[in-house]
Amino acid sequence: PLLKFMAAVYLWCGFWKLLSLLNRKTYDVVEVHWPFPHAFMALPAVWAGIPVIYHYHSAELKLAAQNPLWNMGFAWSLGWAKAHVTNSSYTAGLLKKLKPHLKVEVISYGSPIAENLNDPSRGHPRRRVLFVGRHIERKGIRYLIDAMKQLPGDFLLTLVGEGDQTAELKAHVGSNPRISFVGRLSGEKLAEAYASHDLFVLPAIVDSRGDTEGLGVVLIEAIAAGLPIVASNVGGIPDVVIDGQTGLLVPEKNPHALAEAIFKISRDEHLAQKLIEGAREHARKNFSWDAVTQQTLEIYESVRRKTSKV
């Protein structure tokens with residue numbers, strides 16, 4: 001009851017804040033991230049005839065689906081928006097299940113990590129493996145730990161991040177000196193972590209609630225940092241990792257497949273460079289901030305023009 005009350009107050013405050021802003025200034029477009037439940041906050045813009053754009057991140061679609069009434073109300077609110085933007089083709093697919101004929105644009109994210117492709121500290125063979133992310137079920141970290149146990153003794157794994165599974169994962173690792181937990185890192189320290197490792201792995205899974213990666217922004221960071229990638233073939237990950245071109249994809253929950261892919265890249269520098277170069281080109285076209293900004297501005301302008309003609 002308390003959480004529901006707090007959510008109601010939060011939405012009501014957002015509603016009145018937007019109403020206050022609209023009374024003071026004229027806007028061409030209002031963009032709503034996480035449209036469930038934030039579409040309610042955008043109602044003043046809808047009533048004022050200002051075009052609204054919904055921007056989806058996947059989790060809100062799964063949240064709405066947990067309750068038939070929520071899902072029905074959310075589906076009804078889709079008509080308030082003049083454009084619908086998702087962070088990946090996976091999220092677009094979730095939205096299409098709710099409303100099959102909806103026109104959906106996919107715009108991913110860029111990376112704040114500077115490119116560092118010629119770092120002389122990179123080792124060959126590549127045996128320093130990096131994971132970055134929250135320690136939660138859908139990240140599949142347990143399977144990466146199990147994969148490490150199948151790799152030769154010269155392989156090292158660094159786990160960046162924390163979460164509700166950290167203690168459990170540490171217990172699962174035991175006294176293995178080849179696996180390190182370094183906690184949360186940000187800014188310069190995170191960039192240093194990317195620069196000091198040879199290979200990046202995201203062993204994501206579909207968790208017990210049906211949740212998985214909407215995109216995997218850490219993959220874009222890894223590409224910018226010049227790391228070849230191994231990742232699970234789930235959610236929005238295939239938007240970033242094209243198997244054999246920008247990284248290697250493996251089935252989820254499969255430590256053996258993870259270990260094989262890691263070992264393959266680590267011992268084949270020609271393959272590693274091919275994947276790095278392919279990923280860089282793919283990222284420039286689809287995940288650079290310049291590309292993301294341009295795509296976003298084009299949608300804003302398209303919506304503004306259509307509305308001004310009405």
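Let's start with Arg267, which is partly exposed because its relative accessibility is 39%; the term covers values between buried (under 20% relative accessible area) and exposed (over 50%), using a 1.4 Å probe and protein chains only. Asp154 is also partly exposed, with a relative accessible area of 30%. The side chains of these two residues, Arg267 and Asp154, meet in a salt bridge, with 3.2 Å from N to O. This pair links distant parts of the chain: Arg267 belongs to helix H12 (residues 255-267), Asp154 sits in the loop between H7 and S6, and 113 residues separate them. A salt bridge here is a side-chain nitrogen of Lys or Arg within 4 Å of a carboxyl oxygen of Asp or Glu. Helices (H or I, at least four residues) and strands (E, at least two) are DSSP runs numbered from the N terminus.

Please keep in mind that this is a predicted model, where local features need pLDDT of at least 70 and side-chain atom pairs count only at pLDDT 80 or more, while totals for chains, interfaces and linings use all residues. Residues are numbered from 1 along each chain as its sequence is written, and side-chain values use heavy atoms, with hydrogens and water left out.

## Other salt bridges

Side chains of opposite charge can pair when their charged atoms come close. By the rule above, the count comes to 14 salt bridges. One of them joins Arg284 to Glu281, with the closest N and O atoms 3.2 Å apart. Both residues, Arg284 and Glu281, lie in helix H13 (residues 269-286), 3 residues apart, or about one turn of the helix. Arg284 counts as partly exposed because its relative accessibility is 42%, and Glu281 is partly exposed too, at 38%.

Lys149 forms a salt bridge with Asp146, where the closest N and O atoms are 3.9 Å apart. Lys149 is partly exposed, with a relative accessible area of 44%, and Asp146 is partly exposed at 22%. Elsewhere, a network of salt bridges links Lys62, Arg138, Lys139, Asp211 and Glu213.

Two strands pair if DSSP finds at least two bridges between them. S1 and S2 are joined in the parallel sense over 4 bridges, and Val30 has Val52 in S2 as its bridge partner. From S2 to S3 there are 4 bridges, again parallel, with Tyr56 partnered by Thr86 in S3. Thr86 in turn has Val106 in S4 as a bridge partner, while S3 (residues 83-86) and S4 pair in the parallel sense over 2 bridges.

Strand S2 (residues 52-56) has 5 of its 5 residues buried, so it is largely enclosed by the rest of the structure. In a regular strand the side chains alternate between the two faces of the sheet. In S2, Val52, Tyr54 and Tyr56 point one way, Ile53 and His55 point the other way, and all are buried.

## Around strand S5

Strand S5 (residues 128-132) is mostly covered, with 4 of its 5 residues buried. S5 runs parallel to strand S6 (residues 156-160), to which 5 bridges join it; here Phe131 stands opposite Leu159 in S6. S5 also pairs with strand S8 (residues 199-202), in the parallel sense over 2 bridges, and Val129 has Leu199 in S8 as its bridge partner.

Together with helix H7 (residues 141-148), S5 and S6 make a right-handed β-α-β unit. Right-handed means that, with the strands pointing away from the viewer, the path from the first strand over the helix to the second runs clockwise.

## Helix H9 and its cover

In helix H9 (residues 188-195), the buried residues are Leu190, Ala193, Tyr194 and Ala195. The elements covering them include S5, S6, S8 and helix H10 (217-224), where contact means heavy atoms within 4.5 Å.

Phe5 lies in helix H1 (residues 2-24) and counts as exposed because its relative accessibility is 54%. Leu2, Leu3, Phe5, Met6 and Val9 make a nonpolar surface patch of about 560 Å². Patches are made of residues with over 30% relative accessible area and no salt bridge, joining like charges within 9 Å and nonpolar side chains (Val, Leu, Ile, Met, Phe, Trp, Tyr) within 5 Å. Accessible areas come from the Shrake-Rupley method with a 1.4 Å probe, and for residues only the protein chains shown count as cover.
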